[in-house]
Amino acid sequence: MGLITISDHIHDIAENSINAGAKNVILEIKETDDKFFFSVEDDAGGIRPHILERIFDPFVTTRKKEIRKVGLGLPFLKQAAEATGGYVKIDSELGKGTRTEALFYKTHIDCQPIGKLADTFLVLLLNQSISWEIHRCYNDNCYQITSETIDRYLGKLDTPEKIEMLSQFLMELENDILN
């Protein structure tokens with residue numbers, strides 16, 4: 001399988017939003033002891049209906065062939081989620097945006113590892129041309145981080161020190177909700 005962890009899938013879907021021209025992206029993760037749900041919602045203008053009906057077909061992509069010749073991220077996500085008894089769902093309204101959601105059953109033998117969510121969040125948040133909103137829950141423990149908050153406390157992420165501070169902060173948030 002092309003994407004090793006669930007975190008890789010989250011990054012791939014968020015990158016799809018960026019590449020489609022999103023200015024605002026909301027990432028929601030709800031995890032329990034036996035389930036892992038995520039959604040990525042954007043304002044990139046939606047997916048044309050003739051593409052949406054084939055969106056899970058391997059090699060379907062809206063990117064120029066010179067940039068990307070394959071379109072395997074969504075088929076891999078669908079295969080991975082359904083292998084656990086979960087699902088993937090995409091709702092898109094042309095001119096508005098797209099919401100992709102996936103559910104994995106963590107207790108299923110075929111469930112991929114979660115991966116390093118803090119690292120995924122860091123990579124996404126480094127793209128400061130996007131307004132990010134990340135909501136993360138594990139059971140009843142939750143946190144939220146936004147681009148606005150990062151800008152208020154760190155400003156432009158233009159030095160290794162600021163990036164390291166954000167990285168440490170994200171790891172602490174993850175550790176706090178998991179323990």
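Reader: Which residues does Thr146 touch, not counting residues up to four places away in sequence?

Author: Contact means heavy atoms within 4.5 Å. By that criterion Thr146 touches Trp132 and Glu133, with residues up to four places away in sequence not counted. Please note that this is a predicted model, in which local features need pLDDT of at least 70 and side-chain atom pairs count only at pLDDT 80 or more, while totals for chains, interfaces and linings use all residues. Residues are numbered from 1 along each chain as its sequence is written, and side-chain values use heavy atoms, with hydrogens and water left out.

Reader: Is Thr146 buried or exposed?

Author: Buried means under 20% relative accessible area, exposed over 50%, and partly exposed in between (1.4 Å probe, protein chains only). Thr146 has a relative accessible area of 14%, so Thr146 is buried.

Reader: Which side chain forms a polar contact with that of Thr146?

Author: A polar contact is a pair of N or O atoms within 3.5 Å; within protein, one must be able to donate a hydrogen and the other to accept it, and residues adjacent in sequence count only if both atoms are side-chain atoms. Here the side chain of Thr149 is joined to that of Thr146 by such a contact of 2.9 Å.

Reader: In which strand is the place of Thr146?

Author: Helices (H or I, at least four residues) and strands (E, at least two) are DSSP runs, numbered from the N terminus. Thr146 lies in strand E6, residues 141-146.

Reader: How does strand E5 pair with E6?

Author: Two strands pair if DSSP finds at least two bridges between them. Strand E5 (residues 131-138) pairs with E6 in the antiparallel sense, over six bridges. Asn141 in E6 is the bridge partner of Tyr138. The hairpin of E5 and E6 has two residues between the strands, and Asn139 takes a positive phi near 50° there.

Reader: Which residues touch the most other members of the largest nonpolar core?

Author: A nonpolar core is a set of buried Ala, Val, Leu, Ile, Met, Phe, Trp, Tyr and Cys residues joined through side-chain atoms within 4.5 Å. The largest one has 45 residues, and those touching the most other members are Phe36, Phe38, Phe104, Phe121, Leu125, Leu166 and Leu170. Helix H4 (residues 117-125) gives the largest share of this core, six residues. Leu125 touches several residues beyond four places away in sequence, among them Trp132, Ile134 and Ile145.
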